[in-house]
Amino acid sequence: MIKSEIYCSKCKRKIEDGEEAYFKLRYPKKKGFTEIKAYLSNESRTICTNCCDC
Ligand SMILES: [Zn+2]
């Protein structure tokens, strides 16, 4: 199991398991990717609820 931790790109706070967050990401080209947290960590910009105005 890959350990992937995700941090807010604005305040650098760690997003906890089960916490709500916003992800801006590229829709994956590859079919059948399985590790969503690794994908989010590598390919997306993460914004926690404190930093997002949306
Ligand atoms: Zn934040």
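Among contacts in the chain between residues at least 6 apart in sequence, what percentage join residues at least 24 apart? The value is 63%, where two residues are in contact if their C-beta atoms, placed from the backbone, lie within 7 Å. The structure is a predicted model, in which local features need pLDDT of at least 70, side-chain atom pairs count only at pLDDT 80 or more, and totals for chains, interfaces and linings use all residues. Residues are numbered from 1 along each chain as its sequence is written.

The chain contains one helix and two strands, arranged as β-α-β from the N terminus on. Helices (H or I, at least four residues) and strands (E, at least two) are DSSP runs, numbered from the N terminus. Of the 54 residues in the chain, 6% are buried; a residue is buried if 20 or more other C-beta atoms lie within 10 Å of its own, exposed if 12 or fewer, and partly exposed in between.

Lys 10 belongs to the segment before strand S1 (21-25). Lys 10 counts as partly exposed because it has 13 C-beta neighbours inside 10 Å. Leaving aside neighbours within four places in sequence, Ile 47 and Cys 51 are in contact with Lys 10. Along the chain, Lys 10 and Asn 50 are 40 residues apart, with 9.7 Å between their C-alpha atoms.

Lys 12 is also found in the segment before S1. Lys 12 has 8 C-beta neighbours inside 10 Å, so it counts as exposed. Its phi is positive, at about 65 degrees, although Lys 12 is not a glycine. Most residues other than glycine have a negative phi.
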